[in-house]
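Please prepare a short briefing on this structure, grouped by topic.

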Amino acid sequence: MLGVIFSGCKGAQPQERKGTLKAVSEIDQKLALKFLQGIQDGDKDKMYEATNLTADIVKNSREKLIHSKQNNLTEQQRKEFEHALRISGQIDFFIAKIRTMFPKSSSFQILRSVEEGSTSDLMHAVHTVKITYANKAEAMRDKTGKSVKEMTVHLQQLTLSVSGRSVNEFSFSAKDFERMADKDFEVQSYF
């Protein structure tokens, strides 16, 4: 399952443009924060709002893919429906597996957001998020066992069209997720 989730993010990344990176809109930053807040609260509805996905889109995507031959799906339509299902799966995964990184006593803020490698039909942004733990007992511990007060993570955002609707996929790259699993955090300070 991990391979599917993170290969989707990796596989969907477009070729990077040469030149300077663009700043990401405040709206995208607010959506990223809403997604993280949804993880923290265990609130799927909030995460769905941030992604601009609905239960109806997920259900419709599943039905269309199950009956793809009868629906005569184009390759583009198939990819869009698969993308919607992948985002839904990621929401379930993040609530189940990543929630411990965002206890109620923690806070987070976006330090920087940049657009990387976007094309006319895809926007790829990376949000550098600072997580601050107020409670030492609930704080993440690094691989040496020290309690982390502040650390940063990199949240990927891919924005694509699904059935004519702009949908955001938020995830961590496979490399970043492996580092988190190994407790190899980008620590800013300790307790």
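Predicted model: local features only at pLDDT ≥ 70, side-chain atom pairs only at ≥ 80, totals over all residues.

**Surroundings of Phe191**

- Beyond its neighbours within four places in sequence, Phe191 is in contact with Tyr133, Ala134, Asn135, Lys136, Ala139, Ser147, Val148 and Lys149.
- The C-alpha atoms of Phe191 and Lys146 are 7.9 Å apart in space, while the two residues are 45 apart in sequence.

**Nonpolar core**

- In soluble globular proteins, nonpolar side chains tend to be buried together.
- Here the largest nonpolar core has 38 residues, and Met101 and Met151 have the most contacts inside it.
- Helix H6 (residues 75–97) gives this core its largest share, six residues.
- Met101 is in contact with Ile131, Tyr133, Met140, Met151, Val153 and Met180, leaving aside its neighbours within four places in sequence.

**Aromatic pairs**

- A pair of aromatic rings is described by the distance of the centres and the angle of the planes.
- Six aromatic pairs are found in the whole structure.
- One of them is formed by Phe35 and Phe94, an edge-to-face pair with 6.0 Å centre to centre and 90° between the planes.
- This pair links distant parts of the chain, with Phe35 in helix H2 (residues 26–41) and Phe94 in helix H6, 59 residues apart.
- Phe35 counts as buried because its relative accessibility, 1%, is under 20%; Phe94 is buried too, with a relative accessible area of 0%.
- Phe93 and Phe177 form a tilted pair, with ring centres 5.7 Å apart and planes at 55°.
- The Phe93 and Phe177 pair also links distant parts of the chain, helix H6 for Phe93 and helix H7 for Phe177, 84 residues apart.
- Both Phe93 and Phe177 are buried.
- One aromatic cluster is formed by Phe35, Phe93, Phe94, Phe170, Phe172 and Phe177.

**Cavities**

- Rolling a probe the size of a water molecule over the atoms shows where empty space is left.
- The lining of the largest cavity consists of Thr152, Val153, His154, Phe172, Asp176, Arg179, Met180, Asp184, Phe185 and Glu186.
- Strand S4 (148–162) and helix H7 (174–181) each supply at least two residues of this lining.
- By residue class, the lining divides into four nonpolar, two polar and four charged residues.

Note on methods. Residues numbered from 1 in each chain as written. Heavy atoms only, no water. Contact = heavy atoms within 4.5 Å. 1 Å grid on protein atoms, 1.4 Å probe; cavity = no way out; pocket = protein on both sides within 12 Å on 5 of 7 lines; lining within 4 Å. Helix = DSSP H or I, 4+ residues; strand = E, 2+ residues; numbered from the N terminus. Nonpolar A, V, L, I, M, F, W, Y, C, P; charged D, E, K, R; others polar. Core = buried A, V, L, I, M, F, W, Y, C linked by side-chain atoms within 4.5 Å. Buried < 20%, exposed > 50% of the residue type's maximum accessible area, 1.4 Å probe, protein only. Phe/Tyr/Trp six-rings, centres within 6.5 Å; stacked < 30°, edge-to-face > 60°.
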